[in-house]
Amino acid sequence: MTLTNTRYPLGLLPGHVIRFRNLERRVSRHGSVYCQYVVVSTLEILGAGTEPLLREVKEPEMKDYQWENALTHHLCEIWRPPALSLFQCVTHIHRITKLSFKSTCLNCNSIICNGECENHLCNPDHGTKFSASASFSVDDGTSFANVKCYSGVVQKLLELSDIEWVNLEEAVKLQGDIFITSNNDNGSSVEFFLQTFRGGSHLHLPKQLLLKPDRQTMSQDVYYNLDAASSSDFPMKAVDTGCGQVETKCLPILHLTCLDIRQLDVTSYVMNNLTSSM
């Protein structure tokens with residue numbers, strides 16, 4: 001169908017049943033037969049879907065083979081060759097440092113607020129795109145890392161159900177965008193809801209992360225040759241010993257991108273470690 005200058009009919013929404021009449025039969029150059037919607041064509045909606053749309057653009061699920069091909073490493077091992085492009089890591093999430101959500105126009109990329117595009121010159125028949133990103137810090141006992149994640153991985157980080165995620169998308173469409181870096185008692189109810197997840201008890205449990213280095217952020221010289229790093233590259237860290245805190249220098253902070261998050265299966269994790277050490 002050629003819908004460049006035509007409004008998308010409601011019958012094309014997933015779940016709807018429609019009937020087309022007076023379509024024009026065409027044959028492509030490769031011999032394929034198809035029908036084209038023309039001026040005299042009509043459509044009739046036979047049934048409307050009742051199921052809510054969980055995604056306007058459904059993101060592909062993380063492939064299992066990526067987990068299978070990524071070996072488990074400690075964060076401190078990332079500083080030594082060979083350079084890793086993808087790896088697994090079992091770590092604790094200290095806290096979520098940043099949350100960002102936006103509802104933007106597919107036509108001009110402007111913010112959508114209250115269901116309306118902020119660009120008054122934009123086509124009113126625009127679609128919307130929901131985007132999410134988060135930054136958080138992790139520690140696996142060998143090194144610290146700052147981690148970024150996007151889209152559906154943010155849902156897994158916050159441990160929101162599909163319904164809660166859909167409700168969050170709708171709330172962002174009304175507000176336009178949400179950006180949280182610190183607690184704000186004067187924020188909206190949605191912002192207050194999200195703030196409870198930045199240091200929630202769900203972060204205390206170990207997680208299994210699928211990670212890749214963010215080489216654009218990390219120092220190239222230090223990343224490929226830690227022995228050449230200067231003392232200023234090793235930040236100070238306060239360590240709680242149980243009887244007080246001591247300050248010590250630690251490895252440079254890694255900058256990573258998280259591609260997926262899984263709850264840690266402790267039994268499988270221990271058995272795999274025992275098997276690999278035998």
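**Aromatic pairs**

Tutor: The structure holds four aromatic pairs, a pair being rings of Phe, Tyr and Trp (its six-membered ring) whose centres lie within 6.5 Å, with planes under 30 degrees apart counted as stacked, over 60 as edge-to-face and the rest as tilted. In one of them, the ring centres of phenylalanine 20 and tyrosine 37 are 6.1 Å apart and the planes stand at 80°, so this pair is edge-to-face. Because phenylalanine 20 belongs to strand β1 (residues 17-21) and tyrosine 37 to the loop between β3 (33-36) and β4 (42-47), the pair ties together parts that are 17 residues apart in sequence. Helices (H or I, at least four residues) and strands (E, at least two) are DSSP runs, numbered from the N terminus.

This is a predicted model, in which local features need pLDDT of at least 70 and side-chain atom pairs count only at pLDDT 80 or more, while totals for chains, interfaces and linings use all residues. Residues are numbered from 1 along each chain as its sequence is written, and side-chain values use heavy atoms, with hydrogens and water left out.

Phenylalanine 20 is partly exposed, at a relative accessible area of 28%; buried means under 20%, exposed over 50%, and partly exposed in between (1.4 Å probe, protein chains only). Phenylalanine 130 and tryptophan 165 also form an edge-to-face pair, because their ring centres are 5.6 Å apart and their planes are at 80°. Here strand β8 (residues 128-139) supplies phenylalanine 130 and helix α3 (residues 162-175) supplies tryptophan 165, so the pair ties together parts that are 35 residues apart in sequence. Both phenylalanine 130 and tryptophan 165 are buried. Ring pairs join Phe130 and Trp165 with Phe101 in a cluster.
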